[in-house]
Amino acid sequence: MSVEQKIAADLHRIGAVQIKTDHSFTWTSGIKSPIYCDNRLTMSYPDIREKIADAFVTMIKQLDEKPDVIAGCATAGIPHAAWVAQKLHLPMVYVRSSAKAHGKKNQIEGAITKGQKSIVIEDLISTGGSSIKVADALQQEKAEVLGVFAIFSYGLPKTKTSFNEEGYRVQTITDFDRLIEVLVENQTISLKEKNDLISWRDQLVL
Ligand SMILES: O=P(O)(O)OC[C@H]1O[C@H](OP(=O)(O)OP(=O)(O)O)[C@H](O)[C@@H]1O
Ligand SMILES: O=C(O)c1cc(=O)[nH]c(=O)[nH]1
């Protein structure tokens, strides 16, 4: 089994994936969805979070350039960024979706300096809006973004284009298509439900 299949199977095994045929999940983007994948649950499973951190480290080591800092997307990307930063013995920051209205009014927490090369770590990409915002915030501080790495992506038609348009490399450990295969193999969904879910994903207009 490949890492992408293993992590998709792990997500299913720990009950991170829920399906509601009435499309009653609301995503952060406002999209009404028949599926929700709660990757936050992975932090409660040391073996799985370690596998995820190792997969991120492998992806980072395959880059031509080495990062100076690991940046977690608040909130669900933060613990994974911390484990990756620890494995690589690198500094870490985390980036809020917007600046705080009180205190130091920071959007980026931790130390980041001009010219540092960063990797953005996110738990999940739907539209990509949240992680692109984080990458933009880092660039505003004149930090370079080497890549946006996430555990999972839905592979929505427009998402890849959004990252390309912004000039951000994006890569995930696993994705919706792998997960759907796992759900069929485990007889959680039928072939018809698989086809319905894929058609739903493919026709989503952002
Ligand atoms: O690609 P997008 O369309 O932006 O959606 C993905 C984002 O949505 C979820 O976060 P949520 O807003 O639920 O907040 P949380 O991380 O604080 O739980 C998830 O953790 C991603 O950050
Ligand atoms: O788009 C989202 O908000 C979203 C989708 C999903 O499956 N899981 C999640 O945590 N957020």
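## Ligand 2

Tyrosine 154 puts a side-chain N or O atom 2.6 Å from an oxygen atom of ligand 2. That is a polar contact, meaning a pair of N or O atoms within 3.5 Å (within protein, one must be able to donate a hydrogen and the other to accept it, and residues adjacent in sequence count only if both atoms are side-chain atoms).

Around ligand 2 you'll find Trp27, Thr28, Tyr36, Cys37, Arg40, Leu124, Ser126 and Tyr154, where a residue counts as near if one of its heavy atoms lies within 4 Å. That shell splits into five nonpolar residues, two polar and one charged. For the record, Ala, Val, Leu, Ile, Met, Phe, Trp, Tyr, Cys and Pro count as nonpolar, Asp, Glu, Lys and Arg as charged, and the others, Gly among them, as polar.

## About the model

This is a predicted model, with local features needing pLDDT of at least 70 and side-chain atom pairs pLDDT 80 or more, while totals for chains, interfaces and linings use all residues. Residues are numbered from 1 along each chain as its sequence is written, chains are lettered from A and ligands numbered from 1 in the order in which they are written, and side-chain values use heavy atoms, leaving out hydrogens and water.

## Ligand 1

Ligand 1 has 13 residues around it, and Thr75, Asp123, Thr127, Gly128 and Ser130 come nearest. By class, the shell holds three nonpolar, seven polar and three charged residues. Helices (H or I, at least four residues) and strands (E, at least two) are DSSP runs, numbered from the N terminus.

As for polar contacts, a polar side-chain atom of serine 130 is 2.4 Å from an oxygen atom of ligand 1. Glutamate 122 has a side-chain N or O atom 2.7 Å from a ligand 1 oxygen, and a polar backbone atom of serine 126 is 2.8 Å from one. The protein covers 80% of the 500 Å² of accessible area that ligand 1 has on its own.

## An aromatic pair

The rings of tryptophan 27 and tyrosine 154 are tilted, because their centres are 4.5 Å apart and their planes lie at 35°. Rings of Phe, Tyr and Trp (its six-membered ring) pair if their centres lie within 6.5 Å; planes under 30 degrees apart count as stacked, over 60 as edge-to-face and the rest as tilted. This pair links distant parts of the chain, 127 residues apart: tryptophan 27 is in the loop between strand 2 (25-26) and strand 3 (32-33), and tyrosine 154 in the loop between strand 9 (144-153) and helix 5 (159-166).

Most residues other than glycine have a negative phi, and most peptide bonds are trans. Alanine 74 and threonine 75, though, are joined by a cis peptide bond, with omega about 0°. Threonine 75 belongs to the loop between strand 5 (69-73) and helix 3 (78-88). Histidine 23 has a positive phi, near 60°.

How values were computed:
Areas by Shrake-Rupley, 256 points an atom, 1.4 Å probe, with all protein chains shown as cover.
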